[in-house]
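Colleague: I have a model open on my screen and would like to learn how to read it. Could you take me through it?

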Amino acid sequence: MEVFISRVLRTGVLLSAGIIAVGLVLLFATGRTGYTPGPLDTATLTHWGSRHLFPTGMAEVVTGVLALRPFAIIALGLLVLIATPVIRVAASVVAFLFEGDTLYVFITLYVLTILIVSFLLGRAGG
């Protein structure tokens, strides 16, 4: 089971790193974030209060990725990285099911529920 869990974590981290790398290559190749009208400059990126400098929701990330916007691709990589531990917990539930360890199935289901509820509460609050 440990090998399976480690593969899930390794795959998530490598996938995330690959997606972020694609976004960075696109960012430096084009010189544009996909969200600012002009070329990439630090004055625009550090201007507090500016809106739409990067995607702030799942819908914006998806539409940005489809439009090949570098910041949206980088955001997708970060979302994959954030989701990796949650997927690890879900994979643990499946692994414990196959092992027939009912106690740990319920414990990991409890942890998974807390993670999902916390994401939903965070989304509702922000």
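Colleague: In what order do the elements of the protein chain run from the N terminus on?

Modeller: They run α-α-α-α-α, which comes to five helices and zero strands. Do keep in mind that this is a predicted model.

Colleague: How many Å should helix α1 span?

Modeller: Helix α1 covers residues 2–30, and at 1.5 Å a residue its 29 residues should span 42 Å. The C-alpha atoms at its ends are 42 Å apart, so the two values agree.

Colleague: Which residues of α1 are buried?

Modeller: Start with the general idea: an α-helix has 3.6 residues a turn, so residues three or four places apart point the same way. Here, the buried residues of α1 are I5, V8, G12, S16, I19, G23 and L27. Their cover includes α4, residues 70–99. Across the protein chain, buried residues make up 26% of the 126 residues.

Colleague: And what should I look for in phi?

Modeller: Most residues other than glycine have a negative phi. In this model, G31 follows α1 and has a positive phi, near 75°. L68 has a positive phi too, near 60°, and is a residue other than glycine.

Colleague: Where is L68 found, and is L68 buried or exposed?

Modeller: L68 is in the loop between α3 (58–66) and α4. Its relative accessibility is 57%, so L68 counts as exposed, the cut-off being over 50%.

Colleague: What does the accessible surface of the protein chain come to?

Modeller: About 8500 Å², with 73% of that belonging to carbon and sulfur atoms.

Note on methods
Residues numbered from 1 in each chain as written. Predicted model: local features only at pLDDT ≥ 70, side-chain atom pairs only at ≥ 80, totals over all residues. Heavy atoms only, no water. Helix = DSSP H or I, 4+ residues; strand = E, 2+ residues; numbered from the N terminus. Expected span 1.5 Å × (residues − 1). Buried < 20%, exposed > 50% of the residue type's maximum accessible area, 1.4 Å probe, protein only. Contact = heavy atoms within 4.5 Å. Areas by Shrake-Rupley, 256 points an atom, 1.4 Å probe, with all protein chains shown as cover.
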